[in-house]
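User: Please take me through the terms applied to this model and the values behind them.
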Amino acid sequence: MKRRFLKKTIGFLAIVFWATVTQAQSPADSVAIMNIINEEVVAWNNGDAQTYAKHFATDGTFTNILGTFFVGQNEFQARHDQIFKGIFNKTVMKQETVSFKFANPDAVIVETLTWVSGFSNQGPPRGAYLDEKGRLRTRLLQVMTRQGNAWKIVAYHNVDVKQGIPVPEPR
């Protein structure tokens, strides 16, 4: 457990260092953004739609794994409240950052590999594939912009990984 924590911490610091050195951003911005990613995991695992939507922009856009498109923080929160009480109730989500790039000082693009496990007997959403370990794997792309002193998610695009598509195992 300590070894996994150390590996994740080193990986996180490497991402922060890479992002700040190659894109000349402040370490505080990189840390704030990674904190949002980490808060998403905690909120998901607690089934807390309000916290999960906390950093979503008022007019942000959201495409889920089924291809359904939503606009706004209220819709984002309502949809997650619905799935946390339904098909994703008591599931466990993990995220691993695979790409972190500042487009400019006030915009960042973050891609994560996610995996969700712990589905009830009703299983995952119709049409979604579970891997051999019973996990729903997705690629989640989030675009965040600085709005005042805070970072907000302005675009959230989640795509499930289809059967037969290779995806790395989490570190």
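**Strand pairing, burial and packing**

Analyst: Strands S1 and S2 run antiparallel and are joined by 3 bridges. Within this pair, Thr 61 stands opposite Val 71 of S2. The model is predicted: local features need pLDDT of at least 70, side-chain atom pairs count only at pLDDT 80 or more, and totals for chains, interfaces and linings use all residues. Residues are numbered from 1 along each chain as its sequence is written, and side-chain values use heavy atoms, with hydrogens and water left out.

User: Why are S1 and S2 called paired?

Analyst: Two strands pair if DSSP finds at least two bridges between them. Strands here are DSSP runs of E with at least two residues, and helices are runs of H or I with at least four, numbered from the N terminus.

User: What makes S2 and S3 the edge strands of the sheet?

Analyst: The open sheet has 6 strands in the order S2-S1-S6-S5-S4-S3, with mixed pairing. S2 (69-71) and S3 (92-104) each pair on one side only. Neighbouring strands in this sheet are turned by 15° against each other on average, direction ignored.

User: Which strands does H2 touch, and at what angle to S3 does its direction lie?

Analyst: H2 packs on the sheet and touches S3, S4 (107-117), S5 (136-147) and S6 (150-160), its direction making about 155° with that of S3. Axes are lines fitted to C-alpha atoms, for helices over the stretch in contact, and angles run from 0 to 180 degrees between N-to-C directions. Helix H4 (residues 73-85) lies across S1, S2 and S6, at about 55° to S1.

User: How do you know that the length of H2 agrees with its number of residues?

Analyst: The expected span is 1.5 Å times one less than the number of residues. For the 19 residues of H2 (residues 27-45) this gives 27 Å, and the end C-alpha atoms are 27 Å apart, so the two agree. Among the buried residues of H2 are Ile 33, Ile 37 and Trp 44, and just after H2, Gly 47 takes a positive phi of about 65°.

User: Why is Thr 63 called buried?

Analyst: Buried means under 20% relative accessible area, exposed over 50%, and partly exposed in between (1.4 Å probe, protein chains only). Thr 63 has 13%, and is therefore buried. Thr 63 belongs to S1 (residues 56-63). Leaving aside neighbours within four places in sequence, its contacts (heavy atoms within 4.5 Å) include Phe 69, Tyr 156 and His 157.
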